[in-house]
Amino acid sequence: MRDKRPDGIKDYTGPAGGWGALKAVALSLKAQQIVQRGAQTLLKSNQPDGFDCPSCAWPDPKHSSSFEFCENGAKAVAWESTAKKIGAEFFAQHSVADLWAKTDHWLEGEGRVTEPLRYNKATDHYEVVGWDEALAEIGAGLAKLDDPNQAEFYTSGRCSNEAAFLLQLFVRLYGTNNFPDCSNMCHEATSVGLPKSIGIGKGTVSLEDFDHADLILSIGHNPGTNHPRMMATLREVSRRGGKIIAFNPLKERSLERFESPQSVVEMATFSATPIASSYLQVKVGGDAAALKGISKALVALDKAATAAGESPVLDHAFIAEHTTGIDALIADLEASEWDDIVAASGLGRSDLEEVARLYSQSKATIACYGMGITQHRTGTSNVQQIANLLLLRGNIGRPGAGICPLRGHSNVQGDRTVGITERPMPMLLDKMKEVFGFEPPREHGHSVVESIAAMRDGKAKAIMCLGGNLAIASSDPQACAAGFRNMDLAVHITTKLNRTQLLMAKGATYILPCLGRTERDTQAGGPQSVTVEDSMSMVHASRGFLMPPGENVRSEPWIVAGIAKATLGAKGGIDWDGYVANYDTIRDSIEAVFPAFKDYNTRIREPGGFHLPNAAAERVWLTESKKANFMVSPGVEENETIGDPSVMRLTTLRSHDQYNTTIYALDDRYRGVFGRRDILFMNAKEIARLGFAEGDVIDVTTALQFKRADRIVQGLTLVEHDLPDGCCASYYPETQPLIALEDHDKQSFTPSYKSVPVQIHAAGADDGAELIVERAGVAGRPVIAKV
Ligand SMILES: Nc1nc2c(c(=O)[nH]1)N[C@H]1C(S)=C(S)[C@@H](COP(=O)(O)OP(=O)(O)OC[C@H]3O[C@@H](n4cnc5c(=O)[nH]c(N)nc54)[C@H](O)[C@@H]3O)O[C@H]1N2
Ligand SMILES: Nc1nc2c(c(=O)[nH]1)N[C@H]1C(S)=C(S)[C@@H](COP(=O)(O)OP(=O)(O)OC[C@H]3O[C@@H](n4cnc5c(=O)[nH]c(N)nc54)[C@H](O)[C@@H]3O)O[C@H]1N2
Ligand SMILES: [Mo]
């Protein structure tokens with residue numbers, strides 16, 4: 001332990017979870033002034049008759065009798081059901097210039113937006129506008145574009161199946177497939193990679209499979225923070241002797257030790273359950289090499305076993321019956337040199353061989369992964385290599401085994417299922433045509449990266465955002481700011497105020513306030529429920545019960561239908577009012593387009609909902625070859641060879657107190673950071689090698705291919721953290737300006753948020769550049785990014 005650390009930095013020695021988690025829940029309820037109401041709300045989260053927690057997409061245990069909530073779910077619920085509100089008075093008081101100078105944390109922290117707003121350039125204020133007027137103007141603005149492909153329709157994955165389905169119907173009838181969505185920045189590598197490997201772009205496991213697995217590979221995700229309810233599952237696996245192997249450049253505390261807030265014994269005795277049995281600190285961006293090393297070692301074990309007359313290690317019968325491409329895969333593995341694998345992964349050969357050995361002994365393995373795998377230039381092939389490893393031992397489509405991508409937003413998977421995609425399958429469009437009698441556009445639309453480029457380059461004229469904080473969540477806020485300011489029309493459907501809504505279009509900008517999951521949604525046909533799909537393809541109903549924050553706040557389906565009507569008039573003959581009056585009718589249409597939703601309205605009324613069919617889990621492969629395919633990706637390096645020892649690889653992380661761009665508070669308890677976010681983590685040896693000391697204030701610039709004068713973030717403080725050599729880490733979104741829009745996975749367009757080549761410099765003078773991302777930290781200077 002060091003004696004003197006920078007302000008707000010401590011050595012955190014406890015487990016994840018435990019009393020700290022319960023204390024954090026109490027504090028977040030207090031901060032939102034809802035101690036009474038908050039506790040009542042939490043008891044309703046993830047219950048059969050309650051609302052779906054808006055935080056993560058981890059499924060709920062089927063027979064949950066006690067309440068299922070977690071620290072970060074509690075923070076999300078508290079943040080949404082806050083007693084704080086911003087309406088006419090707030091916006092009269094604060095000009096946009098005034099709001100721009102506030103931190104992102106402050107903007108959202110002011111509370112729920114309660115009135116529809118229109119920006120007035122003359123006064124530089126948002127002003128209250130009536131719904132009818134706003135909708136009519138937005139409709140006219142969209143209707144007058146020369147080409148529907150000049151409009152972009154962004155969705156963030158919190159919206160319900162019902163809102164998402166109405167949006168895709170409206171937008172396709174309007175005439176474009178421009179559906180950038182948060183998935184494009186998240187699990188797109190899964191959506192693109194897995195269909196080629198196993199014929200479906202989703203995970204194949206159910207929660208019950210975890211009861212039967214004896215090995216969990218946990219790759220590039222941080223469940224203690226981002227999927228805390230998963231910790232109960234991992235804890236059970238560990239307690240019954242299952243092995244968990246973690247691959248992560250950071251030693252995440254929850255993967256080391258976890259104290260269950262729901263275990264009376266652990267809480268009373270301050271004991272904790274060890275989680276990972278092995279922890280491999282892979283280099284940032286080193287997973288491709290690590291996965292190849294494990295597969296290579298596995299093939300070698302198989303050869304040795306066969307030679308010795310022992311039972312084989314690969315599942316040859318499965319491979320022969322169910323797969324293609326094994327020979328090419330083995331040839332590539334044999335051609336991959338151990339020296340290259342070791343150098344690129346940062347892991348020892350013997351460590352990778354040991355993983356292969358443990359894997360060869362496992363009867364049923366699940367591989368879980370998150371953003372540490374997908375947000376790379378090789379995101380798609382990283383995902384496919386995980387599938388390869390599982391297929392080698394037949395670990396897909398049998399109990400206790402499978403692939404488990406940990407989805408992000410609570411309904412990001414559902415939004416995709418019901419048609420939010422810029423690259424629709426012909427089958428979906430044919431069905432839309434059959435059910436609604438119009439010819440939908442066939443041309444592929446824009447993903448996030450493509451939309452931002454179109455906005456920046458003047459090809460797009462209008463953007464509508466159903467939730468999210470696109471300009472800050474995306475890479476390249478420089479391009480995003482230029483793009484949003486270039487618009488003739490920008491519309492934000494939102495619960496809270498955020499930075500993207502302060503990038504004023506050169507034409508008109510609107511903010512439309514919507515209900516959250518926790519709130520009562522009453523329409524002409526009575527109280528309504530919505531539906532969502534979790535990470536494991538379970539669809540269930542969600543019904544809020546709190547009073548809406550204001551009488552002018554509307555549901556997302558209501559707003560989307562309103563804009564559709566105002567834009568399209570009678571075109572298409574859709575009964576938008578009927579849909580809004582009774583969401584059962586939306587679900588009937590979803591069922592008509594997607595047969596998997598058979599008896600939708602009946603089945604969501606059963607407690608726990610229903611499971612969507614998953615062909616790969618039944619070993620039916622919906623690929624062109626009708627088999628599962630081993631996908632070969634040559635080489636082991638995902639980035640250009642660095643060569644220059646001053647270039648470090650930066651990965652961008654979520655703290656324990658944030659939800660994507662929403663910053664609940666400035667602490668990151670498990671990593672020992674309190675009251676600040678203006679930090680660059682690096683190991684002590686590397687800090688010294690680069691000629692610095694812990695606590696030094698530095699500037700970071702983008703290196704190599706995407707270097708540019710304005711790709712700089714100033715004023716971060718160096719903090720020692722156990723990371724592999726050559727790697728550093730910072731918080732997302734503070735270092736967003738370092739990531740070029742063009743730096744993404746070629747196949748899926750997922751930005752390379754987790755592997756940015758950077759250089760570190762002694763802090764230069766703050767040149768007063770315009771501030772776009774979080775001004776964070778009690779100590780040190782504000783983080784400055786030039787825009
Ligand atoms: N409380 C809370 N819950 C959330 C969210 C939130 O912000 N807050 N966000 C939601 C969303 S949208 C998503 S997508 C998920 C995200 O959940 P995660 O996938 O867990 O997301 P991250 O925090 O980005 O970090 C992933 C982990 O990858 C590791 N990592 C970084 N680079 C690499 C690498 O190159 N290789 C490997 N193997 N690991 C690496 C990091 O150290 C970190 O532990 O969580 C969802 N749930
Ligand atoms: N550097 C870096 N960048 C990243 C990532 C990373 O790991 N590193 N992760 C990426 C990932 S995985 C994702 S998913 C994206 C997230 O990108 P987004 O989904 O765009 O971002 P969020 O921060 O989740 O959006 C928060 C905003 O959503 C609005 N909101 C909240 N609840 C509701 C609701 O119920 N309805 C509506 N209409 N609005 C609501 C609020 O205004 C809030 O400000 O960011 C990506 N960006
Ligand atoms: Mo995400």
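Predicted model: local features only at pLDDT ≥ 70, side-chain atom pairs only at ≥ 80, totals over all residues.

Me: How many residues of domain 3 and domain 4 are in contact?

Reply: On the domain 3 side there are 27 residues, and they are in contact with 31 residues of domain 4. Contact here means heavy atoms within 4.5 Å.

Me: Why is ligand 1 said to lie between domain 3 and domain 4?

Reply: Look at who supplies the shell. Domain 3 (189–405) and domain 4 (648–785) both give residues to the shell around ligand 1, so ligand 1 lies between them.

Me: How many residues surround ligand 1, and which are the closest?

Reply: There are 31 residues around ligand 1. The closest are Asn248, Glu252, Asp287, Arg654 and Asn660.

Me: What makes the approach of Gln658 to ligand 1 a polar contact?

Reply: A polar contact needs a pair of N or O atoms within 3.5 Å. A polar backbone atom of Gln658 is 2.8 Å from a nitrogen atom of ligand 1. That pair passes the cut-off. Asn72 uses its side chain, with an N or O atom 3.3 Å from a nitrogen atom of ligand 1.

Me: How much of the accessible area of ligand 1 does the protein cover?

Reply: On its own, ligand 1 has 920 Å² of accessible area, and the protein covers 99% of it. The elements giving two or more residues to this shell are helix H11 (223–226), helix H20 (371–374), strand E24 (648–653) and strand E25 (658–659).

Me: How does the shell around ligand 1 divide by class?

Reply: It has 10 nonpolar, 17 polar and 4 charged residues.

Me: Now ligand 2. Which residues are the closest to it?

Reply: Tyr154, Thr494, Thr661, Tyr732 and Gln736 are the closest, out of 32 residues that surround ligand 2. At least three residues of the shell come from each of domain 2 (87–186 + 411–598) and domain 4 (648–785). By class, the shell divides into 12 nonpolar, 14 polar and 6 charged residues.

Me: What is the distance from a nitrogen atom of ligand 2 to a polar backbone atom of Ala473?

Reply: It is 2.7 Å. The Ala473 pair is within it. Lys496 also places a polar backbone atom 3.2 Å from an oxygen atom of ligand 2. Thr495 brings a side-chain N or O atom to 3.3 Å from a nitrogen atom of ligand 2. The protein covers 97% of the 930 Å² of accessible area that ligand 2 has on its own.

Me: Why is Ser535 called buried?

Reply: Buried means under 20% relative accessible area. Ser535 has 4%, so Ser535 is buried. It lies in the loop between strand E20 (530–533) and strand E21 (538–542). The side chain of Ser535 reaches the backbone nitrogen of Arg407 at 3.0 Å. Residues that Ser535 touches include Ala57, Pro405 and Gln413.

Me: Is Cys70 buried or exposed?

Reply: Its relative accessibility is 11%, under the 20% limit, so Cys70 counts as buried. Cys70 lies in the loop between helix H2 (35–43) and helix H3 (71–80). Cys70 touches Pro228 and Arg229.

Me: What makes Lys626 exposed?

Reply: Exposed means over 50%. Lys626 has 61% relative accessibility, so Lys626 counts as exposed. Lys626 also has a positive phi of about 65°, although it is not a glycine. Its place is in the loop between strand E22 (610–611) and strand E23 (628–629).

Me: Which peptide bond is cis, with omega near 10°?

Reply: The bond from Tyr732 to Pro733. Pro733 is found in the loop between strand E30 (727–731) and strand E31 (756–762).

Note on methods
Residues numbered from 1 in each chain as written. Chains lettered and ligands numbered in written order. Heavy atoms only, no water. Helix = DSSP H or I, 4+ residues; strand = E, 2+ residues; numbered from the N terminus. Buried < 20%, exposed > 50% of the residue type's maximum accessible area, 1.4 Å probe, protein only. Polar contact = N/O pair within 3.5 Å; in protein donor to acceptor, adjacent residues only side chain to side chain. Near = heavy atom within 4 Å. Areas by Shrake-Rupley, 256 points an atom, 1.4 Å probe, with all protein chains shown as cover. Nonpolar A, V, L, I, M, F, W, Y, C, P; charged D, E, K, R; others polar. Domains from an automatic or database assignment. Lists of a residue's contacts leave out its neighbours within four places in sequence.
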